[in-house]
Amino acid sequence: MSYPESLVPAADSAKYGLIWKDAVDPNEGKYPGFRPNLEEKTDGMDIIRDVAIPMRDGVTIYGDVFQPESSTTRLPTLMTLSPYGKHAPKTFDLFPGSGVPKGTVSKHTVWEGCDPVHWTAKGYAVVNVDSRGSWASEGYLNVLGPQEAYDGYDTIEWIARQPWSNGRVGLCGVSYLAIVQWRIAQLKPPHLACINPWEGYTDAYRDHTHNGGIPETKFLHFSDWSCQFSRNKTEAWFKSNQAHELLDEYHESKRAGNLAAITVPAYCVVDWGDHGLHTRGTLHGYETISSKHKWLEVHGRKKWQYFYQPSSLARQEAFYQKFLKGKPSEVDSWPSVRIEIRDRAYEGTWRDEKEWSIKRTRFALKYLDAESRKLQDSLPYLLGHVSYDSLSKTGNNAQFAYTFVRDTEVTGSMRLRLWVSTGTESDDLDLFVSVDKLDVEGQVVPFVAFAMFDNAPLALGWLRASHREMDLGLTHHNRPWMKHRRRLPLRPSEIVPVDIEIIASSTKFLRGESLKLTIQGTDIFSCPEIGPTMMHENSVNKGKHTIYTGSVFDSYLVLPVID
């Protein structure tokens, strides 16, 4: 069942600069084998395996269809599309610390997708589809490529034509399964009734593969491994990204570039701790879409655990009941925005808001002072500087602290302005930033991050200095927006201003507690022995970095304060 060589997307390869690799035979990925139209009755469901779904260009992709056993009614449908394998070859055993108890989902659940056993019992059909070029689906797999949106459109319309369908399709799932939802919804499939992007970025370059313009080098390898099973070729995801430093056509092809076109109801969920992956893009997606009915929920917990917990499933059901079954539900009384203001890991307070970003935000500038190593309310009069070894991984860095004199909530993105230079050894520098909360005794307060960790900073930021050119039309007080279209190298010892986006967070500081800002030349929080965390090992750093403060060098941190 080989995909015809004449239909290999050579034009896309030339246009986007894709690099292909030989895939791994699906049978090596614990694949149960190609079983076209195999019918099963199990776990209260009627299942049809490997149903052929025709695409507009003649390619066939394959999906598994789950329905309530012996159903005779037309059903609303939940749909997933991903390259991970609809037979669910991965388990949460791969991720110790994920917080998902064994037995939470059935063996029928695609990785990061909805559990068919749960949802068919609620009166829904579930269709899990293998992306073009993955597993038995025909074609070549272009990871997060534009073709997936058209394939998703065609699959939705195919579902709507089936005799068991009520004509309403909703998209669901986490991460990759959420990212494709933005892309599909932009095309406005007539029978797409709603989307539920749960932790899904919208701009692969800015949100994940090139944090601040610095190429990511660890999680990309995991993504490569996850997308390697095919009967044809798959994109060499890591190599392709490393070959494209700037935001060019290749990276544009991985971006949801017309979010304003999305008008379907959307329930968007993300956590504050998915630094360098889904937090930034989900928030931007919610802000930008044009949907009349849209909701945002931001929590401080672990994303997989939160997705499958009973209270979250109940809210998902309320959303789908409203827009897929056409029945009233609690959605009618939901606030537009619901956020958790964190005190520390697993402790926080929920609050309703009318919008995101929060309009009543007050932007407080805290100026860096190299002499005292503090953040101050006013610009220091005297010039100062602090230097550190740019390649040190053992705590050689610049740190600044601010102690709050009253209870203060910091919610939103932070913008860090630095005046920096590197020596004569390099024309560029990679900057890594973390923000921590310190208790009244000066001890670091832990937060949840990256789906698995309980001991992370409250926020992170990155920037490669040669990528410092901002798009002023998209830059906000507390969020710089980088163009990433060209390199602006530094001259030897040249002092330049750079603006670093620190990913949005929400944290309560009590009187006497402190915010600690750390700046260094290497990753601040990473666990190389376990994933999924971001790492950036292809450094441009050499020698020392110097940060300048005071007088004409107004290095500062913008805090988004909610009074």
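Q: Which residues does Q67 touch, leaving out those up to four places away in sequence?
A: Contact means heavy atoms within 4.5 Å. By that rule, Q67 touches G44, M45, D46, L75, T120, A125 and W164. This is a predicted model, where local features need pLDDT of at least 70, side-chain atom pairs count only at pLDDT 80 or more, and totals for chains, interfaces and linings use all residues. Residues are numbered from 1 along each chain as its sequence is written, and side-chain values use heavy atoms, with hydrogens and water left out.

Q: Where is Q67 found?
A: Helices (H or I, at least four residues) and strands (E, at least two) are DSSP runs, numbered from the N terminus. Q67 is in strand β4, residues 60-68.

Q: Does Q67 count as buried or exposed?
A: Buried means under 20% relative accessible area, exposed means over 50%, and partly exposed is in between (1.4 Å probe, protein chains only). Q67 has 12% relative accessibility, so it counts as buried.

Q: What about I502, buried or exposed?
A: I502 has a relative accessible area of 0%, so it is buried. Its place is strand β26, residues 496-509. Beyond four places in sequence, I502 touches S413, M414, L416, V433, V435, A459, L460, G461, L517 and L557. Look also at G412: it is 90 residues from I502 along the chain, yet their C-alpha atoms are separated by 9.2 Å.

Q: In which strand is the place of D430?
A: D430 is in strand β21, residues 430-438. Its relative accessibility is 1%, so D430 counts as buried.

Q: With which residues is D430 in contact, leaving aside neighbours within four places in sequence?
A: The list is I214, L463, R464, Q520, G521, N538, S539, V540, N541 and H545. Of these, take H545. It lies 115 residues from D430 along the chain, and the two C-alpha atoms are separated by 9.4 Å.

Q: How are two packed helices described?
A: By the angle between their axes and the distance between the axes. Here axes are lines fitted to C-alpha atoms, for helices over the stretch in contact, and angles run from 0 to 180 degrees between N-to-C directions. Take helix α3 (residues 147-160) and helix α4 (residues 176-186). Their axes come within 9 Å and cross at roughly 85°. Therefore α3 and α4 are roughly perpendicular to each other. The bands are: under 35 degrees, roughly parallel; over 145, roughly antiparallel; 65 to 115, roughly perpendicular; the rest, oblique.

Q: Which residues of α3 and α4 make the contact?
A: From α3 come E148, A149, G152, Y153 and I156; from α4 come Y176, V180, R183 and I184. They divide into 6 nonpolar, 1 polar and 2 charged. Ala, Val, Leu, Ile, Met, Phe, Trp, Tyr, Cys and Pro count as nonpolar, Asp, Glu, Lys and Arg as charged, and the others, Gly among them, as polar.

Q: How many residues has the largest nonpolar core?
A: A nonpolar core is a set of buried Ala, Val, Leu, Ile, Met, Phe, Trp, Tyr and Cys residues joined through side-chain atoms within 4.5 Å. The largest has 108 residues, and L78, W304, F319, Y320 and W356 have the most contacts inside it. Helix α4 gives the most to this core, with 7 residues. A second, separate core has 40 residues, including L375, A398, L431 and V496.

Q: What does L78 touch?
A: Leaving out residues up to four places away in sequence, L78 touches C114, W119, Y124, A125, V126, V127, G170, C172, Y320 and L324.

Q: How is the protein divided into domains?
A: Domain bounds come from an automatic or database domain assignment. Domain 1 is 9-329 and domain 2 is 361-562. Their centres, taken over C-alpha atoms, are separated by 34 Å. In the contact, 38 residues of domain 1 meet 42 residues of domain 2.

Q: How many residues of helix α9 are buried?
A: Helix α9 (residues 279-288) is mostly covered, with 8 of its 10 residues buried. They are T279, R280, G281, T282, L283, H284, G285 and Y286. These residues pack against α4, α5 (204-209), β12 (266-271), β13 (294-299), β14 (337-344) and β26.
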